[in-house]
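Subject: Structure handover

Hello,

Here is the structure I promised to pass on. Please open it beside this email and follow along.

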Amino acid sequence: MKSFCNKKPYDYYEELEKLEIDIYNQLYFDSSSINSVEKINYNTLKEKTINVFEDYDYNQPQNIFIIKNFEGKIIVGRKIRSVLRIENKINAINCSMITAPMILGVLVKRAKTNRKIRIEYYPFSDSEKKYVFDKIKNDRTFDIYYPYKYRDFYTEKEENSPETGWSFNPDKKEYLGYGEVHLRNFTTTYFKNKSLDNKIVYDPACSTGEFLNEFKSYHKNCYTIGHDLSKEMIDYAKDYVDEALCCNAIDSPLKDNSVDIMFLRFLNSEVVTTRLAYRIMKKLLSKMKKGSLIVCFGHTPVLITKEWFEKNGLKSIICNGYDEERNAIFQYYVFEVQ
Ligand SMILES: C[S@@+](CC[C@H](N)C(=O)[O-])C[C@H]1O[C@@H](n2cnc3c(N)ncnc32)[C@H](O)[C@@H]1O
């Protein structure tokens with residue numbers, strides 16, 4: 001697989017996407033047209049030449065993912081160009097969906113030195129990638145971890161939302177939802193048989209409010225609360241949620257132990273920084289009732305680790321979701337507050 005060796009930042013569409021298209025053409029295969037192996041012979045795999053992929057944290061480090069404890073091995077993968085981008089539904093090159101061609105192999109070593117990321121792995125054949133993917137798609141407990149964050153070439157800082165939140169363009173609101181269709185469908189399926197009458201359902205960064213509105217269309221007697229940093233978003237969202245307020249999630253005015261379900265779709269790469277994500281999460285935890293659920297996912301990688309949630313008194317219920325139409329898996333954490 002082609003590596004990145006640019007010492008200067010690439011233009012996102014003119015240069016980066018061109019290289020991502022090459023990588024896509026190298027890795028893509030139609031999973032439905034090949035057979036999976038019966039099982040993986042890891043001894044034979046270790047006789048293969050170790051593959052190396054290199055990138056810099058100012059390109060697309062957030063595409064590299066790790067899946068631990070797969071048949072006792074650590075699997076490494078990398079997201080390739082999203083089908084949603086190919087369908088011209090999103091502006092970003094990638095989305096949250098992982099498909100079989102994105103599974104690379106068994107991790108040998110990974111390291112980040114200064115701004116350079118290097119991963120070494122024993123490469124899977126396409127049939128072995130399908131085998132691994134099919135196993136994971138049938139097991140909601142596999143944790144998909146994204147170890148590397150994008151940092152601006154010049155400032156070396158992670159991206160964060162503007163102080164006044166995201167601006168809102170009514171003509172472009174569909175675009176905000178396209179990257180989430182599979183996430184919303186999985187949410188609908190996951191909560192289908194749960195009775196949520198009089199339950200408080202909270203989204204501290206609800207943007208247009210359409211996610212909560214769609215959720216309420218399946219659970220008419222729940223009570224939805226949507227907050228957002230952006231006044232523009234809240235001015236729109238207030239017609240789609242039961243209660244709306246423009247505020248920073250870190251200063252959420254909700255009473256402690258008052259929320260039954262909290263949806264987190266903003267503690268994600270390129271929406272807030274990792275440091276801010278943990279600071280906000282520490283504040284929001286106190287809003288949750290005992291036995292309540294925290295649901296964490298997003299268009300870009302979730303910044304808070306499963307281990308941190310578990311260390312802070314949350315029980316992991318599931319870690320990933322699956323979309324049959326796209327034959328894709330994605331981060332989708334559900335935790336129960338103990
Ligand atoms: C929910 S996220 C991501 C939405 C969608 N999934 C996406 O990725 O296109 C975006 C929203 O988070 C809001 N936001 C960012 N930081 C926030 C903060 N600290 N407190 C509350 N809202 C915040 C932004 O204003 C924006 O409306």
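Axes here are lines fitted to C-alpha atoms, for helices over the stretch in contact, and angles run from 0 to 180 degrees between N-to-C directions. With that in hand, look at helix α7, residues 210-218. Helix α7 lies across β7 (200-203), β8 (223-228) and β10, and runs at about 175° to β8. One caution before going on: this is a predicted model.

**The seven-stranded sheet**

Strands pair through backbone hydrogen bonds, either parallel or antiparallel. What is the strand order in the open sheet of seven strands? The order is β9-β8-β7-β10-β11-β13-β12, and the pairing is mixed.

Now take the pairs one by one.

- β7 and β8 run parallel, joined by four bridges. Asp 203 stands opposite Gly 226 in β8.
- β11 and β13 pair in the antiparallel sense over four bridges. Here Leu 293 stands opposite Glu 336 in β13.
- β12 and β13 (residues 328-337) run antiparallel, with eight bridges between them. Gly 321 has Phe 330 of β13 as its bridge partner. Tyr 322 is partnered by Ile 329, also in β13.

β12 and β13 form a hairpin with four residues between the strands. In that hairpin, Asn 327 takes a positive phi near 40°.

Which strands of this sheet are enclosed? Buried means under 20% relative accessible area. Five of the six residues of β8 are buried, so β8 is largely enclosed by the rest of the structure. Nine of the 10 residues of β13 are buried, so β13 is largely enclosed too.

**Strand β2 and its partners**

Move to β2, residues 64-70. Five of its seven residues are buried, so the rest of the structure largely encloses β2. β2 runs antiparallel to β3 (residues 73-78), and five bridges join the two. Phe 70 has Lys 73 of β3 as its bridge partner. These two strands make a hairpin with two residues between them. Glu 71 in the turn has a positive phi of about 50°.

β2 also pairs with β6 (residues 144-145). That pairing is antiparallel and has two bridges. Ile 66 stands opposite Tyr 145 in β6.

Zoom in on Ile 64, which belongs to β2. Is Ile 64 buried or exposed? Ile 64 has a relative accessible area of 0%, so it counts as buried. Beyond its neighbours within four places in sequence, its contacts include Phe 53, Val 76, Ile 117, Ile 119, Tyr 145 and Tyr 148. Ile 64 and Tyr 148 are 84 residues apart along the chain, yet their C-alpha atoms are separated by 7.1 Å.

**A buried asparagine in a loop**

Next, find Asn 94 in the loop between α3 (83-86) and β4 (103-113). Its relative accessibility is 9%, so Asn 94 counts as buried. What does its side chain reach? A polar contact of 2.9 Å joins it to the side chain of Gln 60. A polar atom of the Asn 94 side chain also lies 3.0 Å from the backbone oxygen of Ile 80. Leaving aside neighbours within four places in sequence, Asn 94 touches other residues too, including Asn 63, Lys 79, Arg 81 and His 299.

**The ligand**

Finally, the ligand. Which of the 20 residues around the ligand come nearest? They are Trp 166, Glu 180, Ala 205, Asp 228 and Ala 249.

- Glu 180: an N or O atom of its side chain is 2.3 Å from a nitrogen atom of the ligand.
- Ala 249: a backbone N or O atom lies 3.0 Å from a ligand nitrogen atom.
- Leu 229: a polar backbone atom is 3.2 Å from a ligand nitrogen atom.

On its own, the ligand has 590 Å² of accessible area, and the protein covers 96% of that.

Best wishes

Conventions: Residues numbered from 1 in each chain as written. Predicted model: local features only at pLDDT ≥ 70, side-chain atom pairs only at ≥ 80, totals over all residues. Heavy atoms only, no water. Buried < 20%, exposed > 50% of the residue type's maximum accessible area, 1.4 Å probe, protein only. Pairing = 2+ DSSP bridges. Contact = heavy atoms within 4.5 Å. Near = heavy atom within 4 Å. Polar contact = N/O pair within 3.5 Å; in protein donor to acceptor, adjacent residues only side chain to side chain. Areas by Shrake-Rupley, 256 points an atom, 1.4 Å probe, with all protein chains shown as cover.
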